[in-house]
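Hello,

I am passing on the structure below, followed by some notes on what was found in it. Please keep it open while you read.

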Amino acid sequence: MVRRGFPSARGNLPTELNSFVGRRRELAEVKRLTSEFRLVTLCGIGGVGKTRLARRVAAEVARAFPDGVWFVDLAELGRREQTPVSETSNRDVLAHVVAAALGLRELSARAPAEALREHLASRSLLVVLDNCEHVLAACATLAHALLSACPGLRIVATSRELFGLIGEAAFTVPPLPAPDPAGRPALADAIGSDSVALFTARAEAVLPGFRLTMENYQAVVDICHRLDGLPLAIELAAARLRVLTPEQIATRLTGRFALLNRGNREAPERQQTLWGCIDWSFELCEKPEQRLWARLSIFAGTFEMDAIEGVCVGVDLVDTDLLDLTAALIDKSILSRDDHGAVVGYRLLESLRVYGREKLHEHGEELALAVRHRDWYEDLVERAGREWIGERQAYWLRRLNRERANLRTALDFCLREAGEAERALHILSCLPALYWWGRGMFTEGRGWLERALDLTAAPTPYRARALLLAGRMAFAQSDLDSWQRLLSEGENLGRRLGDAAALSYATFIRGTVALFDNDLATAVRLLETALTTLDGTGPAQRDQRLHLLFTLVAAVGLSGDQERADALYRQVLADTEACGEGFHRSNAMWAYGLAAWRQGDLRTATENQEASLRLKRTSGLDDPLGTALCLEVLAWIETGREPGRAAVLLGAVDAQWSRHGTSINSYPHLVGHRKACERRTRRLLEEPAFQDAYRRGRSLSYDESLAFALGERQPAAGEEPAGRLRLTSREHQVAGLVACGLSNADIARRLVISQRTAESHVANILTKRGFTSRSQIAAWIGHPVE
């Protein structure tokens, strides 16, 4: 399966796994609010259906948002009330999660919220922020900042509390209407009730053939009434039809809810009802199922079966039973599936997770489970490192990306528990560099590293590695003061420890800096030194050695030493082909193709760039920066032989750079070649033709860019960029008249409209097409698409 470098341009709204029942009035009202207000907050108690309503609203209004609707699940952040971190840290992590959901990889040193503002400033989109209550202040701050700077942005939030912002529209999501059994409703009236319809729909899913009949409908009405129409409670009750009849469920609810006034007497009645329903569901579980439910609450976001087996097993839960117990919790609607292609993940609804965490706390297991969770994810990272150079590389990259929420939870535990910060350094040091580079998580990575470094002082190899990794990220973000300080500190510590790997890594970073400064002689010398001084054959050293080799291929190739580039390239292939490694091999292909282009061997250069792109695509590696670099060199290659194709490639690569918050300027040693390519392409093409081809390239998605670069697709002339607004028929008329050279006054007379109306039409055309002048309209009108 080919993986995108970012989600679809139309959004990432999850597919509904079961039917959406009722809520016609609520849907209409929230859609109205969304059209009138830029921030709409759906409030209500847990389990009332805020998330489902928000997702359905987003799906139904999607066509109004050219840049899509995007769903951000904040439950994966976990609950951090006990975590002594700054509000700034909370806001940064929140911004990272939102950016990741939108498919953004921010590579600069800007604050994450700033990068989001810039990305969204000119876009028209709807963002759903789900489960905001446990990071409410951070959500309010981020929402205010984004809405103030991004006029085309609208937000629908779900929360148990309002943000408290000016301009916020509140909608309290009510429970589903439930008939009063005291009124003895007829069967037809029961069938028309939303709460009964929901029970029936979920009942049919767990018990095929279930129907509402004269014999059972009164019991179903009684259930829905006693549960106050709360969707989560109704779904939990319906799941019991595997083992109970509706009448039995109603009877058990009667006994169960006679005890509801115990516990939190200050809670609203409906909250007590929900809690009581969850309590009832918990007690109807077998003891082993109860223990597993509580222990699963230690996870954040989604988790997989091996994690369940690794974290939740104990003397009272043997690993051979966990699969059946997990299936039982799914059957009881406690646990939900969250599929990832060929892999099944699991997730607890937030209300059920909070309930499980309380049970864990009651039994004094919370700390022990948190330690076991941290240990298991630390081991996961170590396993990824051991198998990174091999055929499972793409698997590990996907797995680590899926586990971001749990990795954050493990790191957060280390940094808030006394004496555990060294373990955070270990986890951070063992994560493959591509985990941070592939997702563009430099700011987040540096944040974790700096927090861990501030809390530790022991002179260990992990500290040296963490300092150097933070320095390398700072350099990637052009934070010169920080990278020099961190690099020097890490290098000095490595020297004190006699740590050859750390010293080699420090020299490698300095060699990379020299390469980016275009000091090729110094770069080659330092990189060669780093290679010869690298000691050891462990997984980390193999990874570092391959990174050194392909960087050297680029350095010696740009300096004109093709013979040395050949030898180094063959060395990378020999070390990677047999074991199935793809990341370093694809980058070596890029570097060797760059060297061949420098020597004028365009055939070899093209073959290697295309081979690199194919390997990145077929291996499932999520390497957007490497892909952009391949597109860059292919554009340079095409300049002299097919300038129109070169212009499309230039537009395509700039679209990729902008999606990741960076540009070719992040690679100063390549900027001169890019500028020369662009100057020559503009010279060979007429400016209107260059602009048209460049815009067509900018319109291509990630997959379309790869297909075009590999000769699998040709974009049609004047192809419409994704998300661009179409012109009305009148605007088409006006565009044609502009192309004929008519002024606004002439257009007004020709169409018998006011001059102000003509000016408005022209302004709309410029905005919708992304143009800045009438001449661009004239150049484009020869290639209309609408």
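The model is predicted, so local features need pLDDT of at least 70 and side-chain atom pairs count only at pLDDT 80 or more, while totals for chains, interfaces and linings use all residues. Residues are numbered from 1 along each chain as its sequence is written, and side-chain values use heavy atoms, with hydrogens and water left out.

One of the salt bridges joins E444 and R408, with 2.7 Å between the closest N and O atoms. E444 is in helix α21 (residues 442–454) and R408 in helix α18 (residues 404–416), so the pair ties together parts 36 residues apart in sequence. Helices here are DSSP runs of H or I, at least four residues, numbered from the N terminus. E444 is buried at 5% relative accessibility, and R408 is buried at 9%. Buried means under 20% relative accessible area, exposed over 50%, and partly exposed in between (1.4 Å probe, protein chains only).

K31 and E60 also form a salt bridge, their closest N and O atoms 2.9 Å apart. K31 belongs to helix α1 (residues 24–36) and E60 to helix α2 (residues 50–60), 29 residues apart. K31 is partly exposed at 31%, as is E60 at 39%.

A network of salt bridges links E632, D654, R674, E678, R682 and E687.

In helix α16 (residues 366–387), the buried residues include H373, W376 and Y377.

Regards

Conventions. Helix = DSSP H or I, 4+ residues; strand = E, 2+ residues; numbered from the N terminus. Salt bridge = Lys/Arg side-chain N within 4 Å of Asp/Glu carboxyl O.
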